[in-house]
Amino acid sequence: MDLMHHSSTFLLPTIPLHHGPSLTYALVVLNQTLPRFAPLLWKHAQLRLCADGGANRVFDEIPLLFPEEDASDVRRRYKPDGTKIIDKSHDQDTTDLHKCITYIRDFAPDANKSSLCILVAGALGGRYDHEMGNLNVLYCFSSLRIVLLSDDSLIYLLPRTHHHEIHIQTSVEGPHCGLIPVGAPSRSTTTTGLRWNLNNTEMRFGGLISSSNIVVGEKVTVQSDTDLLWTISIKKL
């Protein structure tokens, strides 16, 4: 089974060369409070989209992160690409995030999809049904790298089609983490690099799930027979 590498280098001011896979980033801003590191995600992204009220969040909240600068100057720097408005309101069967991911997927050339990583700001918190809808998007697009972010934590999917190696950026994330079997139970999950490792362990709702675990080094490995959600805390520096 192929090995899939993961790293949260997008949380660093500068992405190190030759540190994990070389990725192209897209950013989606949803209608929730922007994380304090939103300008960093914006800088790293080559494509930037705002869903619905996400444009208002950028307009209203980004200047607050630069209190020493003139708000108008900040707003000129932080505008979605092209400020093109796409009306998808006729489709009530998919969420705003689902529509944005579809747009990005169709926008990216097929040859580049394996190196594409979509960062989603404002994906966690607020209404619980919205939050669950965003988690569902990870499963709807399981072949794409999608990272859901809030001020406190990040979440992404570890597809069962791969073994996973997660490179921990200890300066900005951890130590608290979790592996959650949403959608289907896991009959067997094995990990290394955690304080409480799993060894062919069964996980399911109504039984054991690996929440409130702790990373103990700079690398975590995960093998499972089902898709798992990986989550890790983001440090408040």
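Student: Which residue does tyrosine 156 stand opposite in strand 13?
Tutor: Tyrosine 156 faces tryptophan 230 of strand 13. Strands here are DSSP E runs of at least two residues, and helices are H or I runs of at least four, numbered from the N terminus. This is a predicted model, where local features need pLDDT of at least 70, side-chain atom pairs count only at pLDDT 80 or more, and totals for chains, interfaces and linings use all residues. Residues are numbered from 1 along each chain as its sequence is written.

Student: How many bridges join strand 6 to strand 13?
Tutor: Six, and strand 6 (residues 153-158) runs antiparallel to strand 13. Two strands pair if DSSP finds at least two bridges between them.

Student: And what about strand 8?
Tutor: Strand 8 (residues 173-180) also pairs with strand 13 in the antiparallel sense, over five bridges. There, isoleucine 180 stands opposite leucine 229.

Student: Nice. How many residues of strand 13 are buried?
Tutor: Six of the seven in strand 13 (residues 228-234); buried means under 20% relative accessible area with a 1.4 Å probe, protein chains only.

Student: Switching topic: which helix gives the most to the lining of the second largest pocket?
Tutor: Helix 5, with four residues. Helix 4 (96-107) and helix 5 (128-140) each supply at least two.

Student: How do the lining residues of that pocket divide?
Tutor: Four are nonpolar, eight polar and three charged. Asp, Glu, Lys and Arg count as charged, Ala, Val, Leu, Ile, Met, Phe, Trp, Tyr, Cys and Pro as nonpolar, and the others, Gly among them, as polar.

Note on methods. Side-chain values use heavy atoms; hydrogens and water are left out. Buried means under 20% relative accessible area, exposed over 50%, partly exposed in between (1.4 Å probe, protein chains only).
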